[in-house]
Amino acid sequence: MMRKASLLSVWAFLPALGACNRHQSTLAPFGEQADQVLSITIVLVVGAVVLALGLALLMRHAIRAPEGQLTHKGGMKMVLWLGGIGPSILLLALLLYALPAMRPRPVADADLRIGVDGEQFWWRVRYAPPGGAVVEAANELRLPSAAPSSCRCAAPTSSTASGCRGLPARWT
């Protein structure tokens, strides 16, 4: 009875999933970089699912094997190949797929330039659009969703600069 109720609740919420338009969907990226991040995310999630299913099947086989069928030598080979070498090759392939996206992207002259300077108790943010006047803000960084931009982060002291350390290499 409980299974029937949970299945019914899933079917009841399916129409709500289609109610989002393109601008509200997480799976509808804006811009080339966001599209690349989405494709990498999908590939990494599929790889993680394949890895988890493979290890679950390996564990299931090891637990349910009849007595005497899984010898020490055969079991060690299976664990080595399916539990060690296979997942390592899969993770290496996923890493090699994702590495090109980690390179800093070139910044064109027509891109928005953002400068973030650490003051004693706040952050000064300067937006320099190409051919426009510089706009200053405090403590709030707003990035355009579909336009490329470059960001420079600077701080006079090391304690303020610690806020810049987590930024990608392109944001130096």
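Colleague: In what sense do S2 and strand S3 pair, and over how many bridges?

Modeller: Two strands are said to pair if DSSP finds at least two bridges between them. Helices (H or I, at least four residues) and strands (E, at least two) are DSSP runs, numbered from the N terminus. Here S2 and S3 (residues 135–138) are joined by four bridges in the antiparallel sense. The model is predicted, so local features need pLDDT of at least 70 and side-chain atom pairs count only at pLDDT 80 or more, whereas totals for chains, interfaces and linings use all residues. Residues are numbered from 1 along each chain as its sequence is written, and side-chain values use heavy atoms, with hydrogens and water left out.

Colleague: What do S2 and S3 form, and which residue in the turn has a positive phi?

Modeller: S2 and S3 form a hairpin with six residues between them. In its turn, glycine 131 has a positive phi of about 75 degrees.

Colleague: How many bridges link strand S1 to strand S2?

Modeller: S1 (residues 112–118) and S2 (residues 123–128) are paired over six bridges, in the antiparallel sense. Valine 116 stands opposite valine 125 in S2, and glycine 115 stands opposite arginine 126. S1 and S2 also form a hairpin, with four residues between them.

Colleague: In what order do the strands of the sheet lie?

Modeller: The order is S3-S2-S1-S4, in an open sheet of four strands with mixed pairing. S3 and strand S4 (149–154) are the edge strands, each pairing on one side only. From one strand to the next, the twist averages 20 degrees.

Colleague: Does asparagine 139 count as buried or exposed?

Modeller: Buried means under 20% relative accessible area, exposed over 50%, and partly exposed in between (1.4 Å probe, protein chains only). Asparagine 139 counts as exposed, at 52% relative accessibility. For the protein chain, 18% of the 172 residues count as buried.

Colleague: At what angle do helix H2 and helix H3 pack?

Modeller: Two packed helices are described by the angle between their axes and the distance between the axes. Axes are lines fitted to C-alpha atoms, for helices over the stretch in contact, and angles run from 0 to 180 degrees between N-to-C directions. H2 (residues 32–64) and H3 (residues 72–98) pack at an angle of about 180 degrees, with their axes 10 Å apart. That makes H2 roughly antiparallel to H3 (angles over 145 degrees count as roughly antiparallel).

Colleague: Which residues make the contact of H2 with H3?

Modeller: With contact meaning heavy atoms within 4.5 Å, the residues of H2 include Ser39, Val43, Leu51 and His61, and those of H3 include Met78, Pro87, Leu91 and Ala98. The residues of this contact divide into 15 nonpolar, four polar and no charged; Ala, Val, Leu, Ile, Met, Phe, Trp, Tyr, Cys and Pro count as nonpolar, Asp, Glu, Lys and Arg as charged, and the others, Gly among them, as polar. Serine 39 is partly exposed, with a relative accessible area of 29%. Serine 39 and alanine 98 are 59 residues apart in sequence and 9.7 Å apart in space, C-alpha to C-alpha.

Colleague: How many disulfides does the count give?

Modeller: A disulfide is a pair of cysteine sulfur atoms within 2.5 Å, and the count by this rule comes to zero. The sulfur of cysteine 151 has its closest cysteine sulfur in cysteine 153, at 6.6 Å, too far for a bond. Cysteine 151 is buried, with a relative accessible area of 6%.

Colleague: What pattern does the protein chain follow along the sequence?

Modeller: The protein chain has four helices and four strands, and along the sequence the pattern reads α-α-α-β-β-β-β-α. Among its contacts between residues at least 6 apart in sequence, 46% join residues at least 24 apart.

Definitions and conventions. Angles under 35 degrees count as roughly parallel, over 145 as roughly antiparallel, 65 to 115 as roughly perpendicular and the rest as oblique.
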